[in-house]
Each structure stands twice: as structure tokens, then as C-alpha cells.
Amino acid sequence: MTGRGPGAALMRALVAGCGRAGVRRMIAVVADSGTSASLALHRRLGFTEAGRLKAVGHEHGRWVDTVLLQRALTEDGRTVPTAWGPSGPPGGTGARRDWKGHHEGGPMHSAALSHHTVSDVMTHTAVAIGRDAPYKEIVALMDQWKVSALPVLEGEGRVVGVVSEADLLPKEAFRGADPGPGELSEAAKAGAVRAGDLMSSPAVTVHAGASLPEAARIMARRKVKRLPVVDEIGMLEGVVSRSDLLKVFLRKDDEIEAEIRRSVLDGAALTGLDVTVVEGVATLRGTLPDRALVPLLARATRAVEGVVDVRMEFGGREETAP
């Protein structure tokens, strides 16, 4: 079973289509556990066995099992896909609304969305290793390419884990020392010599179409410095780092000003306002007809890529942006 025939191509297309449609988890049912080729194909595409129904059928003089497999299409298989709004999947009855309750497309809505995606800032040519990569080779690659972590691949390029500096350090930390309470898992890695034993698995990954704030939240929540970027079936497309995500703060002040005027202040009720941006700090000045708009303005302005902070001066009085 090479995984390159028409069946494999159809399965890859199905997984990719489900990912684009916002499906968060796929379930596969293999009716005959003796069909090893089908099971191998599903596992190659990232499916794992979720359960087995014993002896549910009798065929060709033998009892056969039914195997249930599953594959998460979002980061943890539980997160609502980014393609869905609060009202549910595409085609649902409820209209998706922004954070003030207006329908999408109204004043100040476009500023609440990130214009750039992970694909815009990631490193497309990524250095990766296989499960059998030896310890010293991993250290040498990290030093050569000045990176803190390397994706671990198997098969045709599916990401199965990540080896980071933190995974390598126990070999030095426990040199001649016994592990203390709570350190047994780290101490176990001190004796590992191959990537497959050193890596953290499953890998924390992100899709190329994810927004920069989404990628930043994943990094902060999972306490990682770099994320492998994968396609709908888990194949490596690149790597995005913390420094890549910070590139939005290299935007010129006049570009940020122009976007705030266009996407935040371009409304009939906001004609008395203007903005200046210095070193990424946006200051809104002028006359505001409704004080209830202050938190809305602050949030919409902060959402513009490259904004470091927001200040407000209305009616000659400086206010603290909420």
C-alpha cells in the first residue's frame, strides 16, 4: 500500500474538502478489520482508532470486526472552526454578528478582522527531521539554522511531533543527577537519542489561512515559540515563529493612519474625528456625538494591525482608552 493510488487521492481530497467546509472532526467506519490496506490508508492520513465492534459480521467463513477511526481537523478537535460564526456552521439560520451586534460589513467592522494570515509571514522553506534523526544531528541543525524547534515528519511529510530545545535540555539537566518529584517525564527524555523519543506529540500546529491573532493565541496558550504550518491533511507547509507574528509592528505610521481612517472612522457619525499615529500609538481627536462609542472606537482601533496603543482626546480632554 503506497498511499499514491486513486483511493488515497480521493481520501486526501475528502479530508481537504471537510477542512475547508469547517468540519471539526471526521469519523471513519471500516466494516472489515481484515482490510489492512484501508486501515493503513486511514492511519497514514492521520486517523486514529477510536473503538472496535467485535464480531459484528460473518463473511467467507470468518467473523469480522468493525473499526471506528477519527481525525481532528481543528487544533484540538473541540474548538469551533474559524470559518464558523457564533450562530453555527455556514448556511445556518442565524446571521453572524460582530462584537457590537451590527451585521457584518457595517461601520468599523472591517477593522476587527486581521487582514494578514499566517501564510503572509511564515517561513515557507522549513527545516524538518524524521523520527530517526539522532540527538547530535538535531542540535547541529538547530544551531545551523538558528531555530529553537524542528518539526518531525513521517510518511510523505505529515507532521507527527516537534523537538524543541526544551525537549533536548533534560540530557544536560539530569547529567549525574536524580530526578526530583514531578520530574520523571523530563528525566525519561534524558536517555532518548532519537527524535521519535525526544519529540512532543501530537504537534501543536496552525493552518496557513489562520489569522495572526489566532496564531499568537495558540502560541501563548500552549507556551510554544514556533508552530508548524500544515495543510488540511497535516502535511508540512512551513513554520511560523513569534518574530514572524511581530512583523505587523513594522508597518509605517502613515499606513496605519490611512487604515484607521478608512476602516474605523469612515462613518457618518464619526465625521468630527481624526487620527494621528506616532511610533504605532494611535491618538483619536475631535468631537464624539455619543460617549457610548468610546469603547467601540478603542477596540476597533486596537484591532488594526501595527497599532501599539490607543489614546483619545475628545473636546480638548484626554481620556483613557478602555
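This is a predicted model: local features need pLDDT of at least 70, side-chain atom pairs count only at pLDDT 80 or more; totals for chains, interfaces and linings use all residues.
**The whole protein**
- The protein runs to 322 residues, and 39% of them are buried.
- Its secondary structure comes to 12 helices and 13 strands.
- Take the contacts between residues at least 6 apart in sequence: 58% of those join residues at least 24 apart.

**Around Val-30**
- Val-30 sits in strand β1, which covers residues 25-30.
- Setting aside neighbours within four places in sequence, Val-30 touches Ser-38, Leu-39 and His-42, plus Asp-65, Thr-66, Val-67 and Leu-69.
- His-42, one of those contacts, is 12 residues from Val-30 along the chain, and their C-alpha atoms are 9.4 Å apart.

**A nonpolar patch on the surface**
- Leu-246, Phe-249 and Val-308 together make a nonpolar surface patch of about 300 Å².
- Leu-246 belongs to the loop that links α10 (242-245) and α11 (253-263).
- With a relative accessible area of 53%, Leu-246 counts as exposed, since that label asks for over 50%.

**The β7-β8-β9 sheet**
- Three strands form an open sheet here: the order is β7-β8-β9 and the pairing is mixed.
- The edges are β7 (206-207) and β9 (236-241); each has a single partner strand, so one side of each has no neighbour in the sheet.
- Helix α9 (residues 212-222) packs on this sheet and touches β7, β8 and β9. The direction of α9 makes about 130° with that of β8.
- As a reminder, strands of a sheet pair through backbone hydrogen bonds, in either a parallel or an antiparallel sense.
- β7 pairs with β8 (residues 226-230) in the parallel sense, over 2 bridges.
- If you want a spot to look at in that pairing, His-207 has Val-230 of β8 as its bridge partner.

Definitions and conventions:
Residues are numbered from 1 along each chain as its sequence is written. Side-chain values use heavy atoms; hydrogens and water are left out. Helices (H or I, at least four residues) and strands (E, at least two) are DSSP runs, numbered from the N terminus. Contact means heavy atoms within 4.5 Å. Patches are made of residues with over 30% relative accessible area and no salt bridge: like charges are joined within 9 Å, nonpolar side chains (Val, Leu, Ile, Met, Phe, Trp, Tyr) within 5 Å. Accessible areas come from the Shrake-Rupley method with a 1.4 Å probe; for residues, only the protein chains shown count as cover. A salt bridge is a side-chain nitrogen of Lys or Arg within 4 Å of a carboxyl oxygen of Asp or Glu. Buried means under 20% relative accessible area, exposed over 50%, partly exposed in between (1.4 Å probe, protein chains only). Two strands pair if DSSP finds at least two bridges between them. Axes are lines fitted to C-alpha atoms, for helices over the stretch in contact, and angles run from 0 to 180 degrees between N-to-C directions.
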